[in-house]
Amino acid sequence: MKLYRVKDGAIIQDETRSFLFETDWDKLINRGDLFRYLHGLVDNSRLPSVDGDFRDQILAPLVSQEVWAAGVTYYRSRTARIEESQDAGGGDFYDRVYTAERPELFFKATPHRVAGSGAKVRFRRDSEWNVPEPELALIVTRDAKIVGYTIGNDMSSRDIEGANPLYLPQAKVYDKSCALGPCVYVSETMLPATTGIQLSITRDGKPVFDGETVLAQLKRTPESLVEFLFRDNSFPFGCVLLTGTGIVPPDDFTLQHGDEISINIEPIGTLVNVVE
Ligand code: DO4
Ligand code: MG
């Protein structure tokens, strides 16, 4: 079951039908029984059905939630971080965090820094090496329960991150540095390990990068990431947690203005953003 946030409330979509209903997103997304609640709404009510394409109405699936992110959770990310920080004395801290019990967790965005599907993302004007990071994102209630999944783009400035690990917040957090959407896939079970994550980037309509990974490559469980995030840390509105990237374009690749970034994770859908 898919849940879209739109201006007039939310749209629930099952295999065949879509329904619009008014809702308080912050309350809805914090329901521990979200899956059953949405099924109940679809089965029992006379909600107005939505016909036709509503893609241009979709908003990012958050209102008051903070966005956090995990890093170096895929071997590919570990290797890319070691390489990009070579000149700064790289060291072994990325390898150490890849193997440590405690994950890397960092603050990524507040809602106003987040673009929904179809909206523009940005890279920093003081950076010359920028990439999207396609990531599975967890929708987590204030009680630390994972009630759904969405797609996240953790836009990153690799030259700033590589110059010094202490610059991480600048490489990661700026206006429209994060995209989320297109919907929340509400499920009581984690997506299977065979689930693919595909990234494709086009420039002037032509492909300039395609990459793919699978969730089986994610070294940590979503539950363990959530457990660490909620240690001595409360989220009154719940939160969104990105689980890290396993796709890194080659080192000579950087985003340009006008590039279109598409991230696909079935059964969630495709998150599409153009770089401003
Ligand atoms: O250590 C820097 C951040 C890495 C990251 O964002 C990722 O692995 O996805
Ligand atoms: Mg990332």
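Okay, let's start with one pair of residues: valine 274 in strand E18 is the bridge partner of lysine 120. That pair belongs to a parallel pairing between strand E8, residues 120–121, and strand E18, residues 269–275, which runs over two bridges. Before I go on, please keep in mind that this is a predicted model.

Let's stay with E18 for a moment. Strand E17, residues 260–265, pairs with E18 as well, this time in the antiparallel sense and over six bridges. If you want a spot to look at, find isoleucine 263, which stands opposite leucine 271 in E18. And how many residues sit between E17 and E18 in their hairpin? There are three. Proline 267 is in that loop between E17 and E18, and the peptide bond that joins glutamate 266 to proline 267 is cis, with omega at about 15 degrees.

There's another cis bond to show you. Go to glycine 181 and proline 182: the peptide bond from one to the other is cis, with omega near 5 degrees. Proline 182 is found in a strand, namely E13, residues 178–186.

Which residues coordinate the magnesium ion, ligand 2? They are Glu133 and Glu135, each through OE, and Asp154 through OD, at 2.0 to 2.1 Å. Read along the chain, these donors follow the spacing E-x1-E-x18-D. Now, are glutamate 133 and glutamate 135 buried or exposed? Both of them are buried. For aspartate 154, the relative accessibility is 1%, so it counts as buried too.

Next up is ligand 1, and you'll hear some of those names again. There are 16 residues around ligand 1, and the closest are Val72, Ser77, Glu104, Lys172 and Thr245. Let's go through a few polar contacts. In the side chain of glutamate 104, an N or O atom is 2.8 Å from an oxygen atom of ligand 1. Glutamate 133 has a polar side-chain atom 2.9 Å from an oxygen atom of ligand 1. For glutamate 135, a polar side-chain atom lies 3.0 Å from an oxygen of ligand 1. How much of ligand 1 does the protein cover? On its own, ligand 1 has 280 Å² of accessible area, and the protein covers 99% of that.

I'd like to pick out Val72 from that list. Valine 72 has a positive phi, about 55 degrees, although it isn't a glycine. You'll find valine 72 in the loop between strand E5, residues 66–71, and helix H3. Its relative accessibility is 4%, so valine 72 counts as buried. Alanine 144 also has a positive phi without being a glycine, at about 70 degrees. Alanine 144 is in the loop between E10 and E11, and with a relative accessible area of 31% it's partly exposed.

Last topic: salt bridges. Searching the whole structure turns up 20 of them. Let me take you back to glutamate 133. The side chain of glutamate 133 meets that of arginine 81 in a salt bridge, at 3.4 Å from N to O. That pair links distant parts of the chain, 52 residues apart: glutamate 133 is in the loop between strands E9 and E10, while arginine 81 is in helix H3, residues 75–84. Glutamate 133 is at 4% relative accessibility and arginine 81 is at 3%, so arginine 81 counts as buried.

Then there's lysine 172, which forms a salt bridge with aspartate 154, the closest N and O atoms being 2.8 Å apart. Again the pair links distant parts of the chain: lysine 172 is in helix H6, residues 168–172, and aspartate 154 is in strand E11, residues 146–154, 18 residues away. Lysine 172 is buried, with a relative accessible area of 2%. Salt bridges that share partners put these residues in one network, which joins Arg81, Glu84, Lys108, Glu133, Asp154, Arg158, Glu161, Lys172 and Asp251.

One more pair and I'm done. Arginine 17 and aspartate 14 form a salt bridge with the closest N and O atoms 2.6 Å apart. Which of the two is buried, and which is partly exposed? Arginine 17 is partly exposed, with a relative accessible area of 37%, whereas aspartate 14 is buried, at 16%.

Terms used:
Residues are numbered from 1 along each chain as its sequence is written. Chains are lettered from A and ligands numbered from 1 in the order in which they are written. This is a predicted model: local features need pLDDT of at least 70, side-chain atom pairs count only at pLDDT 80 or more; totals for chains, interfaces and linings use all residues. Side-chain values use heavy atoms; hydrogens and water are left out. Donors are N, O and S atoms within 2.8 Å of the metal (3.2 Å for Na, K and Ca); water is not among the atoms, so sites may look incomplete. Buried means under 20% relative accessible area, exposed over 50%, partly exposed in between (1.4 Å probe, protein chains only). A salt bridge is a side-chain nitrogen of Lys or Arg within 4 Å of a carboxyl oxygen of Asp or Glu. Helices (H or I, at least four residues) and strands (E, at least two) are DSSP runs, numbered from the N terminus. A residue is near a molecule or strand if one of its heavy atoms lies within 4 Å of it. A polar contact is a pair of N or O atoms within 3.5 Å; within protein, one must be able to donate a hydrogen and the other to accept it, and residues adjacent in sequence count only if both atoms are side-chain atoms. Accessible areas come from the Shrake-Rupley method with a 1.4 Å probe; for residues, only the protein chains shown count as cover. Two strands pair if DSSP finds at least two bridges between them.
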